[in-house]
Amino acid sequence: MRAILVGLGVVGQSLLQMLSERYEELRDRYGIGLRLVAVADSGGAITKASGLNPARVLQAKRAGGLKSLGDGNFTDDPLGLIGELEADILIDATPTNIVDGEPSYSYIRSAILHGLDVVTVSKGGLALYFPALKELAAHRGVVLRFSGTVGGGMPAIEFGKECGRSDRLEKVVGVLNGTTNYILSRMEDTGQTFRDALGEAQRLGYAERDPTLDISGLDTACKITILANEVLGMGATLSDVRVSGIEEIDVDEVRAARERGLAVRLLGVADGRRLEVSPQTVGERDPLAVKGALNAVTFKASYSGSHTITGKGAGGPETATSILRDLVAIKMVRVAEVSRI
Ligand SMILES: NC(=O)c1ccc[n+]([C@@H]2O[C@H](COP(=O)([O-])OP(=O)(O)OC[C@H]3O[C@@H](n4cnc5c(N)ncnc54)[C@H](OP(=O)(O)O)[C@@H]3O)[C@@H](O)[C@H]2O)c1
C-alpha cells in the first residue's frame, strides 16, 4: 500500500510512531506493508516514491519541521501532488473545520477523483458533505473509511453496523464528546459550576483553550451526523441537526437531577427522521451515564434490543489505531476483489 499522509499533529504523529514500532506485526499479521510516499503538514509535503521512514519523519517533525528531514523532495503544494504521485491511499489527519470542511474536504475529494482509497479522522468535511462524498466514492469504486471520526479508537461505527446486520436499527443515542462529559460529570460529582468544571478540564488537557466546538454541541453534531448516515442510512448533513450545547447548564439542575437518580448528559440522537444534540437526563444506571471523558453509544435494534459500546473517545494512539483498523478493512476489500478475478 502506497500511502500519502496529510496532517502530522497529535493523531498523525501517533500513527507515525505506531508504523515505526509495529511495522513487522502490521505486515505479517494483517498484510499491511505501508509505504509512505508522501507526508504533509500545513507547511508543505515531502515525497519519496520508494518510501519515507516513519521514525525519521517523526523525528524531523518534532525537531525542526519536515524540511529538516534531509530525505525526499519538498513541495509547498500537498494537494497538487495527489494525482501526480503513484499512490493507493490517502490518510487524512488534518484539523476539523465545520465551516467549509477544509482542508480535509479538498484532500478527500481529490483523492477519490484520482482513484485513491481514503481513511480520514477529520469530521468537518464528512459532516458537511457526507452524502456527496459517499456517492462520489461509490461512483469511482474507491473505499472511504472514517472509523476515527466517531469515538476515537472505540469502534462505534463498526459496532453499530454489526448490530444492524440481520436486524433493523431504529435509533442511535450517544455521549460522543469527552470534554462535555468530563464537565458534566464533574459538576455532578463535586458540585462545581460549569465555569469551574470547564477551567479544570482545560487545565487537565481535556478541553481546548477555545472549547466552543465541544460545549456548543457542534462536535457531537458532526459525529451523530456521520453515525446517522453510515449506520441508519439517513442521507443527512450537519445543517439537519438541531443543536443545543451545555453552556447554559446550571449546577442546581445537575444536582436536582442527581437527587432523582438521574444524570445530565449531552446526547446526540438520530432515529431515522430526526437529528438532535441537547443535554438530557438519563438514569444513573443507564449505560450512557458514563463518567469523565468517556464516550458511549447505544444502538437500539428492533429485534435484538439495545446494545451499548463504551470507551475512550479521543487520544492520539487511540485514534491512530482506528486508522490502522480502516487500513486493515481496505486491505480486506482489495484482497477479496483480487480473489474474485
Ligand atoms: N486528537 C484526537 O484525540 C482526535 C480524536 C479523533 C479525531 N480527531 C480528529 O483528527 C484530526 C487531527 O487531529 P489532531 O489532534 O492530530 O490535530 P492537530 O494536532 O491540530 O494536527 C493537525 C495537523 O494537520 C496539519 N494541517 C493543517 N492544515 C493542513 C493542510 N492544509 N495540509 C496538510 N496538513 C495540514 C497541521 O499542520 P502543522 O503541524 O503544520 O500545524 C497538523 O500537523 C482532526 O480533524 C480531529 O478532529 C482527533
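Reader: Where does S166 lie?
Author: S166 sits in the loop between α7 and β8. Bear in mind that this is a predicted model.

Reader: What is phi of S166 near?
Author: Phi of S166 is near 70°. That is a positive value in a residue other than glycine. S166 follows α7.

Reader: Is S166 buried or exposed?
Author: Exposed: S166 has 9 other C-beta atoms within 10 Å. The cut-off for exposed is 12 or fewer.

Reader: Back up to α7. Which of its residues are buried?
Author: In helix α7, residues 156–164, the buried ones are A156, I157, G160, C163 and G164. Seen down the axis of α7, they fall within an arc of 125°, so they line one face of the helix.

Reader: What do the buried residues of α7 pack against?
Author: Two of the partners are strands β12 (294–301) and β13 (305–312). The buried residues of α7 also pack against β8 (169–175) and helix α11 (218–232).

Reader: OK, domains. How is the protein divided?
Author: Domain 1 covers 2–151 + 317–340, and domain 2 covers 156–314. Their C-alpha centres lie 28 Å apart.

Reader: How many residues does the contact take from domain 1 and from domain 2?
Author: The contact takes 16 residues from domain 1 and 20 residues from domain 2.

Reader: Which elements each supply at least two residues of the domain 1 side?
Author: α6 (123–140) and α13 do. α6 gives the most to that side of domain 1, with eight residues.

Reader: And by class, what does the side of domain 1 that touches domain 2 have?
Author: Nine nonpolar, five polar and two charged residues.

Reader: Next, the largest nonpolar core. How many residues?
Author: The largest nonpolar core has 104 residues. I4, V39 and L90 have the most contacts inside it. α11 gives the most to this core, with nine residues.

Reader: Where does this core lie relative to domain 1 and domain 2?
Author: Both domains give residues to this core, so it lies between them.

Reader: What does L90 touch?
Author: Not counting residues up to four places away in sequence, L90 touches I4, V6, I82, Y107, A111, L116 and V118.

Reader: V6, then. Which strand is it in?
Author: V6 lies in β1, residues 2–6.

Reader: Does V6 count as buried or exposed?
Author: V6 counts as buried, with 27 C-beta neighbours inside 10 Å. The threshold for buried is 20 or more.

Reader: What is V6 in contact with?
Author: Leaving aside neighbours within four places in sequence, V6 is in contact with A40, P78, L90, D92, A93, T94 and Y107.

Reader: Which peptide bond is cis?
Author: The one from E102 to P103 is cis, with omega near 5°. P103 is in the loop between β5 (89–92) and α5 (104–113).

Reader: Last topic, the ligand. How many residues surround it?
Author: 26 residues surround the ligand. The closest are G7, G9, S42, S122 and A314.

Reader: Which elements each supply at least two residues of that shell?
Author: α1 (10–21), β2 (35–41) and α13 (316–340). The largest share, three residues, comes from α1.

Reader: How does the shell around the ligand split by class?
Author: The shell has eleven nonpolar, 13 polar and two charged residues.

Conventions. Residues numbered from 1 in each chain as written. Predicted model: local features only at pLDDT ≥ 70, side-chain atom pairs only at ≥ 80, totals over all residues. Near = placed C-beta within 6 Å. Helix = DSSP H or I, 4+ residues; strand = E, 2+ residues; numbered from the N terminus. Nonpolar A, V, L, I, M, F, W, Y, C, P; charged D, E, K, R; others polar. Arc of directions from axis to C-beta. Contact = placed C-beta atoms within 7 Å. Domains from an automatic or database assignment. Core = buried A, V, L, I, M, F, W, Y, C linked by C-beta atoms within 7 Å.
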